[in-house]
Protein chains: 2
Amino acid sequence: MTQGSSDSAGVIDLLGLLAYAELGSFFRLADDAGLAPSLRSKGQLAALAAAEQAHYQVLRDRLEELGADPEEAMAPFVEPLDAWHSRTEPQSWLESLVKTYVGDGIAGDFYRKVAALADEETRTLVEGVLAETGRAEFVASTVRAALEETPTLAGRLSLWARRLVGEALSQAQAVAVARPHLAALLAAQRSETGDGGGLGDLAAVSRMFASLTDRHAARLEAMGLSS
Amino acid sequence: MTQGSSDSAGVIDLLGLLAYAELGSFFRLADDAGLAPSLRSKGQLAALAAAEQAHYQVLRDRLEELGADPEEAMAPFVEPLDAWHSRTEPQSWLESLVKTYVGDGIAGDFYRKVAALADEETRTLVEGVLAETGRAEFVASTVRAALEETPTLAGRLSLWARRLVGEALSQAQAVAVARPHLAALLAAQRSETGDGGGLGDLAAVSRMFASLTDRHAARLEAMGLSS
């Protein structure tokens, strides 16, 4: 692996993180199929999962182009992402859908925030991966329909959504501590947007992660949940 | 669902069978990822699984085009295909690879044999799905490499391959009994190729399935196994 600077080490980390996040989501979605109530929804899950695999492939190819070993780049993120999945294992079809929507949403916000910092080719690629949203729209509408039918589900699912975010922020913090190059990349982004201070990378990363939850409320609303 | 004849009912059955076979393989491959020895082989499994999902989508779309309800068309094949998977659950990574190679191989032979009977558009579509082979080549070469390293594995894996085929033929027989239109379509194909007799559809189907094992020996050899 040839790296010119700690900045490019941060980009390799970023791509490795995103690649394993996609691969992990692929397997998680496939795994949740047992919860699907019909053959049709199983098929819809399979389609979502296949899209994650396609993203994984694009990110993996980009890592190879950059001269990195893709598996080596992904390795540091296997444990925190697997930990997030195992701490947030859905117990029902609705919990699985909420997890998909919330998880993809946070991931998307994160991609958007950091893509601006990478080299142009990486940025274009990450934006391309992001552009394919809308596929998950059936997820939000299915949750909304279920809540209209059984409004009493809303409280429990709202708590579930809160737990998903809490566990994600906790794993993200662990990653920021373990991967200084990545943290520096993220912190740089904060200072460029004008609110960086002298608090160091970790604090900057912390604030960035907190800001990820801004859009979370809108996503909850799209599903008919409250924050 | 509008059907002109029992022939078209057979075609709907055929497409439903193939579609669910692809969807089932998708989930099976994703499920076997826990057995994969490395992040790299996990990624390769995900790629194979995504290809099965793409085939599923093509077949499902074709069912809709023909005015059939795709889930209704798949429904009769859920139980026998799920039964095959649950009776042949791999206990190791190598067993999983052998299952992929043998299962895809038999399915491919079956597709080839029956595609000739469907309408031209369906035939073109099924042949397109088949054309994407070669992707599974890493499977055969991985098994070969493992056997070169540990030749004593060959006996057990050969028995495993035999069981895979035996269970497949048994489920196929059950399907032929339960789906007379499909059996008639398959039987017609045998008589067209000149060896149909007065034995009735079930016997003809039986012989057709037996002939599927002809190419099985070549596949075993490709993996370094004996039949």
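**View 1. Where chain B meets chain A.** Welcome to the contact, to which chain B and chain A each bring 23 residues; two residues are in contact if their C-beta atoms, placed from the backbone, lie within 7 Å. This is a predicted model, in which local features need pLDDT of at least 70, side-chain atom pairs count only at pLDDT 80 or more, and totals for chains, interfaces and linings use all residues. Residues are numbered from 1 along each chain as its sequence is written, while chains are lettered from A and ligands numbered from 1 in the order in which they are written.

**View 2. The helices on the chain B side.** On the side of chain B that touches chain A, the elements giving two or more residues are α1 (6–31), α2 (39–65) and α3 (70–87) of chain B. Helices here are DSSP runs of H or I with at least four residues, numbered from the N terminus. With 12 residues, α2(B) supplies the largest share of that side.

**View 3. The rotation axis.** Chain B is superposed on chain A by a rotation of 180 degrees with 0.0 Å of shift along its axis (RMSD 0.0 Å), fitted by least squares on the C-alpha atoms of residues with pLDDT of at least 70 in both. The two copies are thus related as by a two-fold rotation axis. Look for B:Ala50, which comes closest to this axis of the residues of chain B, at 2.4 Å (C-alpha). Both copies use the same surface, as 100% of the contact residues of chain B recur in chain A.

**View 4. Around B:Val98.** Not counting residues up to four places away in sequence, B:Val98 touches B:Val143, B:Leu157, B:Trp160, B:Ala161 and B:Met223.
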